[in-house]
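Keep the structure in view as you go.

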Amino acid sequence: PKRKRKENEVEQEIEETPQEKKLRLAKLYLEQLREEGEWDVDRTLFLSEILVAPDPIEIRLLRGHKLSVTCLCITPDEKHIFSASKDCSIIKWDVGSGKKVHKILGGRKGTEARHVGHTAHILCMAISSDGKYLATGDMNKLIMIWEAATCKHLYKFTGHKDAVSGLAFRRGTHDLYSASHDRSVKVWNVDENAYVETLFGHQDVITALDCLGRERCVTAGGRDRTLRVWKIAEETQLVFHGHEGSIDCVQLINEEHMVSGGDDGCLCVWSVGKKKPVSVVKQAHGVHGNAGLKEPCWVSSVAALHNSDTVASGSHNAMVQLWKCGQGFRGLDPLFTIPVTGFVNSLKFSTSGKFLVAGVGQEHRLGRWWRVKDAKNGLYIIPLKRQNREAETEQ
Amino acid sequence: MPRPSVCLALSTSEKKQTAQKHKPSPESPHEVTFKKSKIKSPVTKRASNVEENGSDDEGDASEMEKNFALLTQKVSLQAPQDEISGGVSDEDVTGERHQAVCSNTSGSDEDENVSKPARGHGVGDELCPKDDFTKDLSEMSFEKVLQLQNKMGTKAYKKIAYGTMKNRQTGETVKQLSKHRPQEISAKKTVPFLRKVVPVKKTILRDPRFDDLSGEFKPEVFNQTYKFINEIRQREAEMVKKKMKKVKSNIKREELKYLLQRMENQERGRQRQEQYRQKDLQFKRKQRELVQQGHRPFYLKKSDKKKLELAEKYSQLKKGGKLENFLSKKRKRNAIKDRRRMPHQKK
């Protein structure tokens with residue numbers, strides 16, 4: 001990939017500060033909307049009070065991966081799900097029928113040169129908001145770009161110095177943000193197959209990354225116990241402290257709030273304006289271990305329904321817990337649990353909130369500390385029912 | 001006059017340009033600092049406000065401003081302005097007009113607010129002329145600015161141009177918020193490989209002899225606070241004596257003897273120092289009393305001081321009865337020295 005700066009900023013003679021640029025873009029966007037006559041309705045009408053626990057019969061299990069599922073992503077049109085596992089394969093599933101549409105096989109270690117696909121554990125995945133590109137990152141420091149519709153291999157991004165652990169596309173664009181175990185965050189432009197820039201700041205391995213529509217992303221830095229929000233245009237970062245153990249997963253709820261889970265069992269909700277978490281739930285998934293050596297269960301994945309107050313967290317205590325955020329995100333109340341055996345390595349809500357997908361495996365996605373023998377490696381599709389049909393909004 | 005026409009040309013060209021940072025074609029490069037919004041009615045304000053400044057303390061500066069005003073008024077005659085009625089530099093008229101204009105300036109001219117963010121918001125009329133003055137400063141040519149500075153004096157000029165410390169407001173509310181906000185730092189600095197896990201404090205080495213923290217040496221204070229050391233010294237001298245009695249080898253006894261000798265000499269030296277200090281103090285007290293009474297203080301020469309000391313020594317010896325002894329010894333010593341210095345006689 002070529003290395004070049006974004007052309008927009010260079011072409012204009014007038015130099016703008018990032019704030020001015022934001023203002024200009026926002027005005028443009030508003031003008032466009034006014035012209036079209038549409039106004040995107042804020043989907044905060046999703047009240048989690050009305051969410052109902054599904055029947056265990058309705059939960060579907062999609063099996064096909066040989067080893068633990070490590071990550072997954074749902075296409076924006078909610079028709080397909082991509083999932084990747086420790087056997088280095090990527091499978092595209094059809095949600096309606098539950099069948100495999102496409103499978104990209106994983107290669108053996110050492111066959112990087114001739115194999116089209118990954119040859120090491122795939123740690124993260126992201127799909128662009130228009131459903132065009134799929135990006136996957138593995139432990140061999142590579143980021144592969146695929147065409148989502150046909151699963152054709154497009155590009156390979158090299159540049160990271162250690163395993164790639166987080167990927168996210170910025171909504172509405174083809175800007176890809178990647179985080180890696182080499183403690184750096186890199187910005188790529190997929191359209192032009194180009195690397196844009198690198199950001200530094202984390203002091204330990206970065207374990208997760210998430211991004212919404214703004215030109216900023218949030219990363220969880222494992223053992224340095226900080227969450228960082230990167231303002232990419234201004235080249236600054238906001239540092240948040242508050243976890244006691246390593247932070248393992250993070251998701252943005254809306255542009256101002258995010259939820260994170262750590263290996264101390266804590267589930268924290270953060271606001272961008274405060275350096276400490278707005279609400280904390282300790283031992284969110286209970287404890288495990290022998291008597292006298294009880295340790296909190298690691299929260300291995302979190303998911304948040306966009307622009308609502310519903311949060312889901314998964315660990316290895318055989319259940320996926322759904323939470324409701326209180327007023328102003330100040331509290332976290334448990335709603336209900338869904339029985340799922342194994343390590344819940346990845347959780348994603350569908351964009352409209354109709355279902356929740358959990359990627360489950362016998363082992364934790366980052367290592368082999370434990371192995372849950374009676375767990376099945378696969379995807380659980382959990383439909384979310386609502387009591388009140390009127391509260392649903394059309395998209 | 002060439003100057004006014006140049007002003008006009010610049011102001012019209014300024015309107016066409018959108019970007020602020022582009023400089024207009026420099027026919028006279030020092031005229032470049034014209035600002036955009038001043039195109040509206042720059043001339044009126046300058047003319048009227050400049051007259052106002054005549055009432056300031058800097059009388060010399062006002063003379064220059066009057067010259068400037070004359071220049072600008074010639075421009076105003078040509079420019080199509082509604083506000084100016086006549087081009088006559090009548091102080092009273094312009095003074096009145098200034099009041100009206102001043103209220104306009106605070107509201108309409110956004111540029112003022114941009115360029116002077118440090119001004120207090122409770123703006124009275126007294127702040128107005130200052131703002132206008134700084135505006136004028138930016139419009140004057142550099143040469144004129146230097147002349148102004150020379151006449152006013154650098155201090156006064158800086159005070160007006162940059163404002164005093166009182167004017168600059170500190171945002172109290174912003175400070176409160178920043179305590180809870182997350183830290184914002186640069187994202188471009190590479191992080192060192194080794195992480196700071198535990199904060200380690202670097203021990204600062206200071207020598208109290210040369211450190212400013214220790215303050216000045218005052219013997220009285222020192223002796224008072226460290227009195228206990230004298231007791232320790234006495235104890236140590238006794239210990240050495242005891243050890244000397246016990247010790248069997250001759251070499252060690254010699255060493256201990258020397259050590260004891262040393263300690264005793266040091267002690268005697270310290271006592272002597274103390275005595276001298278006391279004497280000096282007494283002398284100074286006497287002098288102070290004399291001064292208080294009204295006499296002039298007198299200071300002894302070194303030789304006089306020595307004579308006094310000798311006299312005191314003799315009186316003390318006499319009391320003790322050792323005067324004869326001392327004097328005979330002294331005569332012997334002197335005799336030996338004199339004999340050495342005498343020239344030899346060859347036989």
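The dialogue below takes a few features in turn.

Q: How much of chain A scores a pLDDT of at least 70?
A: pLDDT is the predictor's confidence in each residue, from 0 to 100. This is a predicted model, where local features need pLDDT of at least 70, side-chain atom pairs count only at pLDDT 80 or more, and totals for chains, interfaces and linings use all residues. In chain A, 91% of the residues reach at least 70, and the average is 88.

Q: Where does pLDDT stay under 50 in chain A?
A: Where pLDDT is low, the predicted coordinates should not be read in detail. One such stretch of chain A is residues 39-44, with nine contacts beyond four places in sequence. Another is residues 389-395, with seven. A contact means heavy atoms within 4.5 Å. Residues are numbered from 1 along each chain as its sequence is written.

Q: How many helices and strands does chain A have?
A: Both are DSSP runs, numbered from the N terminus: helices are H or I, at least four residues, and strands are E, at least two. Chain A has two helices and 33 strands.

Q: What share of chain A is buried?
A: Buried means under 20% relative accessible area, exposed over 50%, and partly exposed in between (1.4 Å probe, protein chains only). Of the 395 residues in chain A, 57% are buried.

Notes: Chains lettered and ligands numbered in written order. Heavy atoms only, no water.
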